[in-house]
Amino acid sequence: MLAVVLLGGFAAMLLLPLPDPDEPVLWLGLPPGAAVLVYGVGLLPFFLAPISYALTFDEWTLREEDLERVRQMAAERDRVGEGRPPPPLGAAKADPGPGSG
Amino acid sequence: MLLTSGVRLQEASGLAEAASSQPIIVAVGGAYFVVVGIIGLWAARRTRTAEDFFLAGRAVGLVAMTLAAMSATFSGFAFIGGPGLFYQVGLGSFFLFLSAAVSIAMTTWVLAKRMRLLAEIRPVVTIPDAVGARYRSRLAHGLAAVSILVGVLGYMATNFLALGIVVDAIFGIGFEWSLWLGMGTVLAYATAGGILAGIYTDVFQGLLMMVASLFVFAFVLDSGGGLGAMSTAIVAADPAFLSPWGHLPPQTAFSFFLVFGLGLLGQPHVIHKFYMLRDPRRLKWFPILVTLAFFLAGLLWFGVGLAVKALTVEGAMAPLENPDDATPAFLLGFTPVTLAAVVFAGVAAAIMSTVNSFVNVGAAALVRDLPTALGLPVKNELFRGRVATVFLCVLAAGIAQFSGFLVAFLAIFGLGLFASTLVPALAVGLNWEGATRAGAVASMATGLGLTLLLEGAAFFELYTLPQGVTASGAALVASLLAFFVVCRLSRSSAPETLDPDIREIMRM
């Protein structure tokens with residue numbers, strides 16, 4: 001959806017002529033190409049994408065059961081001492097760090 | 001950009017003197033510094049561990065994180081350099097800002113959840129920690145840390161230079177005193193309160209700037225007779241100004257879009273704030289809030305650039321000797337002095353908040369990431385983090401004051417270096433199980449080397465890319481290519497690169 005808005009907006013911008021200096025046509029206060037850029041390519045996805053994200057968050061992005069599973073993994077790591085909770089960073093204790101490489 | 005902004009502001013027009021001669025501007029500027037100091041003291045009392053110092057105790061609320069991310073992204077450029085660039089090259093400059101529409105959504109979709117969940121299962125504190133954990137590689141960890149340190153030093157020196165000039169514009173005490181006063185203020189609260197102080201000064205200044213931006217935009221519309229009247233006046237005198245590319249070549253406008261659109265995915269001082277969010281479920285509202293914040297702050301960028309152009313073509317304002325005077329000239333000429341004072345002080349505060357974010361990730365790179373990469377023990381991080389903060393601040397301020405050459409050279413890297421080194425390895429790597437350690441190392445080495453080479457060649461006027469393509473854009477594309485090609489060639493090693501718990505998070 002975002003890609004369609006962006007590609008459509010860029011295509012429209014390329015096709016629209018430069019404004020006539022003597023009698024400029026304005027769309028919402030801007031020449032047509034500028035209006036497509038600001039309102040279409042700029043503002044529409046600016047608001048569309050975050051709203052889509054919020055509406056789909058619980059189903060697609062972070063489900064409650066996923067978060068629960070992550071917390072179980074963290075608890076399991078705590079139990080076997082593999083890295084959670086993080087070592088107190090202010091303490092004089094070496095961080096095992098990532099593996100070799 | 002901010003560098004030229006400040007230097008021109010100081011040298012060319014006398015606007016700095018005009019601002020500092022206004023008692024209200026001095027008073028509001030002074031009040032700002034007092035509030036920042038109080039927040040710093042408050043944060044210092046709550047900073048007891050390195051986790052508090054580097055991650056605000058992983059207990060930041062959504063609104064605070066949003067405002068902090070917005071403030072760290074914008075710096076003073078949005079309020080000085082952005083409107084100036086708009087006045088200079090027209091609508092094409094807006095590609096820098098429009099890329100936010102893509103980058104906010106993409107950053108949230110691609111990185112926010114995974115980084116926040118990573119912080120649930122691993123003791124990650126920094127961006128190089130995430131790179132090292134993803135690839136189980138100390139070399140990748142170290143390369144990310146080196147890239148961050150180089151970029152941080154450049155950003156900090158440039159911002160200190162600009163801060164000195166803006167503080168001088170407010171208080172009129174001379175550049176050198178202003179530079180060290182500004183640096184000393186940042187140093188005090190960054191050392192005492194770490195990122196916790198930075199987060200809450202960001203909240204304060206971000207809220208104030210959004211409100212100020214809204215008011216400035218109202219004065220923009222009033223001064224120019226409305227958007228339609230301003231457009232008509234500009235089109236009659238300069239039709240290309242409001243064409244989609246403005247006076248920029250389309251390639252340059254698209255380079256802006258690419259580098260800034262993808263670049264946000266690699267900005268360590270912004271994305272490492274995802275670790276700090278108290279409740280990962282609150283990420284649901286992050287894009288909406290940050291979009292509103294960007295939109296409000298962007299009104300000043302767009303409005304002032306447009307209004308100053310319209311006022312100059314109509315003869316209501318003399319053409320500017322340098323474009324970066326657009327905001328100060330408009331504020332001093334067309335808004336109440338109190339509003340001008342808030343914006344001037346807000347610019348100083350915006351720069352300080354950005355510097356604080358940078359010095360925090362830089363200090364973490366010095367005391368945590370480089371020792372980890374070298375296999376050395378990481379200890380006493382809180383104390384060492386404070387020492388590293390002092391070291392980086394003094395070094396960057398010294399560069400800003402004494403080495404115009406070095407600061408100008410370092411200033412050109414910034415965002416592009418972070419983008420080309422971190423976007424493939426981190427943003428793509430946390431979303432693609434086929435990414436390999438060799439691919440990550442190759443892409444970071446390519447990004448680091450090519451950015452230094454191309455930007456250096458352009459700086460010394462040895463070679464400039466044709467057709468207006470930016471060095472940062474070329475380096476980003478090259479590092480992405482290196483990443484995918486090397487990952488493909490080394491694909492048999494992909495499974496051993498990825499720990500099961502991280503794979504689990506990537507599949508969610």
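**Reading cavities, core and a buried arginine**

Mentor: A search of the whole structure turns up six cavities of 30 Å³ or more. This is a predicted model, where local features need pLDDT of at least 70, side-chain atom pairs count only at pLDDT 80 or more, and totals for chains, interfaces and linings use all residues. Residues are numbered from 1 along each chain as its sequence is written, chains are lettered from A in the order in which they are written, and side-chain values use heavy atoms, leaving out hydrogens and water.

Trainee: What is a cavity, then?

Mentor: On a 1 Å grid over the protein atoms alone, it's a set of points where a 1.4 Å probe fits but cannot get out; lining residues have an atom within 4 Å of a point. Here, the largest cavity holds about 80 Å³ of space, the volume being that filled by probe spheres set on the points.

Trainee: Which residues line the largest cavity?

Mentor: Among them are Met70(B), Thr107(B), Phe274(B) and Phe294(B).

Trainee: And how do I read the nonpolar core?

Mentor: As buried Ala, Val, Leu, Ile, Met, Phe, Trp, Tyr and Cys residues joined through side-chain atoms within 4.5 Å. The largest one has 202 residues, and Met156(B), Phe160(B) and Phe302(B) have the most contacts inside it.

Trainee: Is Arg77(A) buried or exposed?

Mentor: Buried means under 20% relative accessible area, exposed over 50%, with partly exposed in between (1.4 Å probe, protein chains only). Arg77(A) counts as buried because its relative accessible area is 13%. A polar atom of the Arg77(A) side chain lies 3.4 Å from the backbone oxygen of Ile121(B).

Methods: On a 1 Å grid over the protein atoms alone, a cavity is a set of points where a 1.4 Å probe fits but cannot get out, and a pocket is an open set with protein on both sides within 12 Å along at least five of seven lines; lining residues have an atom within 4 Å of a point. A polar contact is a pair of N or O atoms within 3.5 Å; within protein, one must be able to donate a hydrogen and the other to accept it, and residues adjacent in sequence count only if both atoms are side-chain atoms.
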